[in-house]
Amino acid sequence: MSDKDNETSRSRRAFLGGAVAAGAGALTASAARAQSPDPLITEIQPWAQEFGDGVDAVRYGLPTEHEGDVIRRNVEWLTADTVSSINFTPIHALDGTITPQGCAFERHHSGAIDLKKDDYRLMINGLVDTPLVFSYADLERFPRENHVYFCECAANTGMEWAGAQLNGAQFTHGMIHNMEYTGVPLRTLLEEAGLDTAGDLKDKWVFVEGADASSNGRSIPMEKALDDVLVAFKANGEALRKEHGYPVRLVVPGWEGNMWVKWIRRIKVTDGPVESREETSKYTDTLADGTSRKWTWAMDAKSVVTSPSPQAPIKHGTGPLVITGLAWSGRGAITRVDVSKDGGMTWETARLAKPGEKMALTRFYLDTDWDGSEMMLQSRAMDDTGYVQPTKTQLREVRGLNSIYHNNCIQTWLVRSNGEAENVEVS
């Protein structure tokens, strides 16, 4: 039996033991509560004495008011104005992997525009055989695909480079969402326009622009454009939300969110990258010597414990505890996540809710028993390329302290004996 098999076996035994302990603890607690009458059980409650809402009370289903704190939030001091800013997904309050559109983070460079389907046009030009313009209705006539992908802003966790900054998983890691996208492969549209004019495609690029005032133009190598990029018009089965690029956006799996151009209006085939504002003045990695490297599009393997965390403290006291979080990789699928309770000195292999999927979020769980001792919670992701999520020290050795983007370091939460947690640095 290999070391990996031994680790898996030990992990399984640990989980089964933890599950038994959790069950016993739950039974003991229930028995203790049952010794005195619970009015929520013994007395008829108001909701059982009157009619509820009819089926037509709400024409579009909304979250219950009892979960009114599960919302996107922004950091007011982060930008001068919300028109060119970002808000954050409440990842601490969600489970599973699919992000509801209403909770999915927003990033705008000139605000979310209001564009009707009837007014939508997508142009393909440049080095193509036949320049084309598609309406929304035209796009719907092409064969479509469905894929679940995460979208992560390159600046996610960027404020943590210099040390622990923001106290909450929503703010440190919430520039991410994971949705099922429906759309037409970009290669289908490029083939419709014809690429013979472009000649050898190995050195060709596409330049994509949005219809908003910023246009957010980005260059994408032809190899990627013909691989898995989608021109998407649905998310999680329904139309895109306005803030996510309604009616049509680009989906660039595994690559930084800035390249997922919203309200996409033009795709130009070119001989090389355009070197636009968004790919030169920012979204590059500044190194210790002051130089900046570009074209670092892929988001490396990363993870974070979402609960317990500063916005999701332990409220139930000692006993059975579910530690959970998210892991992802822009280069492939997550194969394993380890969790440490002591700041990285020892590690336990977590349970993946289901096998990891390429360029999609993976949910992990560590079912454990908490005795009230302080914990230094960390998670460490591994993907199917063999890549292991680094510590902040390991990243700094390569990139120094001047970086902002592509920070995929291991995150630490200090969980105190009262169950409250805070962001700390153990690098």
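What follows is a list of selections, with a note on what to look for at each one.

**Before you start**

This is a predicted model, where local features need pLDDT of at least 70, side-chain atom pairs count only at pLDDT 80 or more, and totals for chains, interfaces and linings use all residues. Residues are numbered from 1 along each chain as its sequence is written, and side-chain values use heavy atoms, with hydrogens and water left out.

**Stop 1: the two annotated regions**

Colour residues 115-275, which UniProt lists in an unreviewed entry as "domain: Oxidoreductase molybdopterin-binding". Over residues 115-275 the chain is 14% helix and 35% strand, with the end C-alpha atoms 27 Å apart. Helices here are DSSP runs of H or I with at least four residues, strands are runs of E with at least two, and both are numbered from the N terminus.

Now give residues 293-412 another colour: the UniProt annotation there, also from an unreviewed entry, reads "domain: Moybdenum cofactor oxidoreductase dimerisation". That stretch is 7% helix and 39% strand, and its end C-alpha atoms lie 28 Å apart. UniProt positions are in the numbering used here, feature names are shortened, and annotations may be inferred rather than shown by experiment.

**Stop 2: a hairpin**

Select strand S3 (residues 121-126) and strand S4 (residues 132-135), which run antiparallel and are joined by four bridges. Strands count as paired if DSSP finds at least two bridges between them. A hairpin connects S3 to S4 through five residues. Show side chains and you'll find Leu122 opposite Phe134 in S4.

Next, pick Glu152, in strand S5 (residues 145-152). Is Glu152 buried or exposed? Glu152 is buried, at 1% relative accessibility; buried means under 20% relative accessible area, exposed over 50%, and partly exposed in between, using a 1.4 Å probe and protein chains only. Draw a C-alpha to C-alpha distance from Glu152 to Gly126: they are 26 residues apart in sequence and 29 Å apart in space.

**Stop 3: rings**

How many aromatic pairs does a search of the whole structure find? The search finds nine. Rings of Phe, Tyr and Trp (its six-membered ring) pair if their centres lie within 6.5 Å; planes under 30 degrees apart are stacked, over 60 edge-to-face, and the rest tilted.

Zoom in on Tyr136 and Phe233, an edge-to-face pair at 5.8 Å centre to centre with 70 degrees between the planes. Tyr136 is in helix H3 (residues 136-140) and Phe233 in strand S9 (residues 230-235), so the pair links distant parts of the chain, 97 residues apart.

Then select Trp205, Trp255, Trp295 and Trp297, which ring pairs link into a cluster. For a charge on a ring, go to Arg380: its charged end sits over the ring of Trp347, 4.1 Å from the centre. That label requires NZ of Lys or CZ of Arg within 6 Å of the ring centre and within 35 degrees of the ring normal.

**Stop 4: helix H5**

Select helix H5 (residues 186-193) and show its buried residues: Leu186, Leu189, Leu190 and Ala193. They cover an arc of only 100 degrees around the axis, which puts them on the same side of H5; the arc is that of the directions from the helix axis to the C-beta atoms. Just past H5, Gly194 has a positive phi of about 85 degrees.

**Stop 5: cysteines**

A search of the whole structure finds zero disulfides, a disulfide being a pair of cysteine sulfur atoms within 2.5 Å. The sulfur of Cys151 is 8.1 Å from the closest cysteine sulfur, in Cys153, too far for a bond. Cys151 is buried, at 3% relative accessible area. Cys409 is in no disulfide either, with the nearest cysteine sulfur, that of Cys153, 15 Å away.

**Stop 6: an open sheet**

Finish with four strands that form an open sheet, ordered S15-S16-S20-S19 with antiparallel pairing. The edge strands, S15 (302-307) and S19, each pair on one side only.

- S15 and S16: five bridges, with Ser303 opposite Ala327 in S16.
- S16 (residues 319-328) and S20: nine bridges, with Leu321 opposite Thr368 in S20.
- S19 (residues 351-352) and S20: two bridges, with Arg351 opposite Tyr365 in S20.

Seven of the nine residues of S20 (residues 362-370) are buried, so S20 is largely enclosed by the rest of the structure.
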